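The sequence and the structure come first, and the description follows.

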Amino acid sequence: MNPFTQHTGIAVPLDRVNVDTDAIVPKQFLRKVERTGFGKHLFHEWRYLDYEGTKENPDFILNKPENRRASVLLARDNFGCGSSREHAPWALADYGFRVIIAPSFADIFYNNCVKNGILLVVLKTQEVEALFQQVMQKPGAQITADLEKQTVTGPQGKEYHFDINAFSRACLLKGLDQIGWTQQFVDKIRDFEQKLKQEKPWLA
Amino acid sequence: MPQTMYEKIWEAHLVRESQGDTAILYVDRHLVHEVTSPQAFEGLRAAGRKAVHPEKTFATMDHNVSTRTKDMNLIEKTSRIQMETLARNCLDFGIKCYDFADEEQGIVHVIGPEMGITLPGMVIVCGDSHTSTHGAFGALAFGIGTSEVEHVLATQTLQQNQAKTMLIKVDGSLKPGGTPKDIILAVIGKIGTAGATGYVVEYAGSAIREMSMEGRMTVCNMSIEAGARAGMIAPDEKTFDYLKGREYAPKGKLWEKAVIYWKTLPSDPQAEFNKTVELDTGGLAPQVTWGTSPGQVVSVEDRVPDPETLDDPVERAAGNNALKYMDLKPGMPVAGIPIDKVFLGSCTNGRIEDLRAAAEIIKGRKIHKKVQAIVVPGSGRVRRQAEQEGLDKIFTQAGFEWRYAGCSMCLGMNDDQLKPGERCASSSNRNFEGRQGPGGRTHLMSPIMAAAAAIEGEIVDVRKYL
């Protein structure tokens with residue numbers, strides 16, 4: 001996983017609540033056995049006019065010329081709800097998104113993003129609204145996210161502080177191999193399993 | 001200090017407490033299917049890692065299997081590759097797989113409980129958000145992503161943060177026509193699709209105690225649709241009766257020992273929850289979703305709401321988007337909305353009790369001539385049981401298609417899909433845009449409501465058939 005420290009990029013406003021992982025990457029693209037190549041299917045139903053994905057929908061926000069190279073996604077409440085498919089963060093990362101800002105995220109989606117080096121920033125509803133206004137007034141505007149300082153800086157230079165779980169922060173900053181991290185406690189896992197055999201033999 | 005059931009299970013599975021970083025939680029059972037696992041096995045291979053406890057992982061094929069044939073050669077190529085990849089991965093890593101040809105194959109959340117793989121007090125995970133289903137047995141069960149699937153295979157643990165606790169107390173007896181599905185839809189309508197984000201929900205109250213295990217699974221299944229990490233219900237005699245004698249449940253002395261432990265699991269009477277929600281089911285009418293989010297739900301007696309009456313501009317826009325997508329107008333009565341397809345099945349409502357109840361409505365009747373209706377049993381075992389009871393005949397004589405087990409039209413990964421513009425009365429769990437097929441329109445409801453809709457070709461109040 002690539003470490004995340006700081007990122008500045010074009011912010012694109014996706015003005016919908018409850019964007020689910022089916023919308024982020026529809027089921028017909030989940031049949032692959034690799035982790036790569038999902039970016040072209042991101043938001044497929046909204047992004048293309050045809051099922052095959054050959055005709056772009058010019059009205060969809062990601063397809064506007066000024067947003068072509070967007071890497072920061074502004075979103076609404078409950079972003080990433082629904083299916084646990086990690087294909088959703090794979091598609092977002094493969095497309096080029098490094099940061100998503102919203103008032104709330106779905107639980108499993110949040111964990112999946114941390115595992116894929118995407119920073120999810122939770123701000124207050126009115127702060128997200130302010131960023132929406134600023135970006136909608138000035139399409140193609142940039143937002144900076146700084147994970148060390150835990151701040152987001154909007155197009156007009158206003159800084160917003162965000163909270164993040166200390167471990168998620170450390171994982172992102174270091175690009176940590178989380179399995180490797182857990183494996184340093186292999187003795188504790190063995191002890192637990194010994195105890196399980198004695199106390200709950202039907203589980204051992 | 002008094003503890004909730006969640007806190008007891010959490011504590012019993014702590015391998016390592018968080019020291020300002022993350023806790024490590026032991027996983028008793030890991031369930032795997034073909035869609036969210038190939039990259040996890042590939043990750044293990046790339047890092048030279050093994051599955052440390054293959055005997056604690058069980059696999060099946062459900063998401064993209066055909067429900068029309070058992071012939072692998074007739075299955076679309078990319079789906080077949082995924083299924084073959086799972087079979088090979090299970091062989092390589094020593095995992096038991098109930099594959100496509102196995103008579104026990106079925107939806108992962110149906111076969112876990114029916115084989116006794118699911119037991120009270122366990123931590124159960126699966127790369128699927130509806131893993132919350134298993135919480136009906138007093139287990140802590142939740143969905144994970146593919147990286148976490150890999151983590152569980154490699155370590156038999158997960159990195160987790162403790163969730164907040166919510167008690168949802170459901171009291172009152174259901175009236176005829178009301179089902180567990182109506183209860184959970186009403187709960188989601190009340191608290192919203194993110195109402196339980198960050199929480200583990202425990203369902204309690206007289207309506208939950210009266211419910212069968214199948215009904216409790218339906219309720220816990222859709223906890224994720226309210227944003228909850230997990231849903232759970234305290235185990236009781238019904239739970240033990242359901243599990244006793246199932247192949248992976250403990251036997252003899254071990255069973256007795258396990259039951260003694262399981263009886264200590266329910267939340268202590270004085271235990272405190274971070275939040276409590278109450279719902280009275282006494283007058284609950286059958287529920288139907290009108291929009292593209294499970295929280296957009298009303299009773300069958302109601303009209304399609306007018307989003308313009310909402311204060312929040314974001315919610316208003318969401319409501320208007322949903323109406324446009326669903327091709328509905330505010331103020332239309334929900335009863336009378338014409339439908340094209342009916343789907344009976346899924347991990348929410350694809351169990352034997354669901355099929356029995358729907359068959360009771362269908363018996364001696366014919367489905368509307370313009371409707372295509374399919375019954376997809378949740379597992380091979382459910383299908384066999386239904387056939388022994390003659391339910392398949394009732395369905396086929398009415399004009400339903402009787403299919404093999406799988407996730408099918410709940411998510412349309414196989415060839416069971418809605419066409420653009422088609423409208424479906426569905427016993428499944430998600431009404432998202434395109435969920436059942438690009439451009440398809442989904443109305444979520446109970447299996448008996450879907451059965452009644454099949455007969456009339458439109459959404460109808462099932463109570464007139466009782």
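## Helices α13 and α15 of chain B

In chain B, helix α13 (residues 352–362) packs against helix α15 (residues 391–398) at an angle of about 45°, and their axes lie 10 Å apart. The model is a predicted one.

On the α13(B) side the contact consists of B:Leu355, B:Arg356, B:Ala359 and B:Ile362, which meet B:Leu391, B:Ile394, B:Phe395 and B:Ala398 in α15(B). Sorted by class, the contact of α13(B) with α15(B) holds seven nonpolar residues, one charged residue and no polar ones.

## Helices α6 and α8 of chain B

The crossing of α6(B) past α8(B) is right-handed.

From α6(B), the residues that make the contact are B:Pro180, B:Lys181, B:Ile183 and B:Ile184, and from α8(B) they are B:Gly215, B:Thr218 and B:Val219. By class, the contact of α6(B) with α8(B) has four nonpolar, two polar and one charged residues.

Strand β10 (residues 199–204) of chain B is mostly covered, with six of its six residues buried. Both of its faces are covered. On one side of β10(B) are the buried residues B:Tyr199, B:Val201 and B:Tyr203, and on the other are B:Val200, B:Glu202 and B:Ala204, also buried.

Strand β9 (residues 164–171) of chain B runs parallel to β10(B) and is joined to it by six bridges. One of the paired residues is B:Thr165, whose bridge partner in β10(B) is B:Val200.

## Helix α1 of chain B

Helix α1 (residues 5–12) of chain B has these buried residues: B:Met5, B:Tyr6, B:Ile9, B:Trp10 and B:Ala12. Strands β9 and β10 of chain B are among the elements that cover the buried residues of α1(B). The cover also includes β1, β6 (123–126), β7 (140–143) and β11 (230–233) of chain B.

## Where chain B touches chain A

The contact between the chains takes 58 residues from chain B and 47 residues from chain A. On the chain B side, the elements that give two or more residues include the strands β1 (14–16), β2 (23–26) and β8 (157–160).

With seven residues, α5(B) gives the most to the side of chain B that touches chain A. That side of chain B has 28 polar, 19 nonpolar and eleven charged residues.

## Chain A as a whole

Chain A contains eight helices and seven strands. Its C-alpha trace spans about 65 × 40 × 25 Å along the principal axes.

Of the 204 residues of chain A, 42% count as buried. Among contacts in chain A between residues at least 6 apart in sequence, 67% join residues at least 24 apart.

Note on methods:
Residues numbered from 1 in each chain as written. Chains lettered and ligands numbered in written order. Predicted model: local features only at pLDDT ≥ 70, side-chain atom pairs only at ≥ 80, totals over all residues. Axes fitted to C-alpha atoms, helices over the stretch in contact; angles between N-to-C directions. Helix = DSSP H or I, 4+ residues; strand = E, 2+ residues; numbered from the N terminus. Contact = placed C-beta atoms within 7 Å. Nonpolar A, V, L, I, M, F, W, Y, C, P; charged D, E, K, R; others polar. Buried ≥ 20, exposed ≤ 12 C-beta atoms within 10 Å, placed from the backbone. Pairing = 2+ DSSP bridges. Left-handed = near helix turned anticlockwise from the far one by under 90°.
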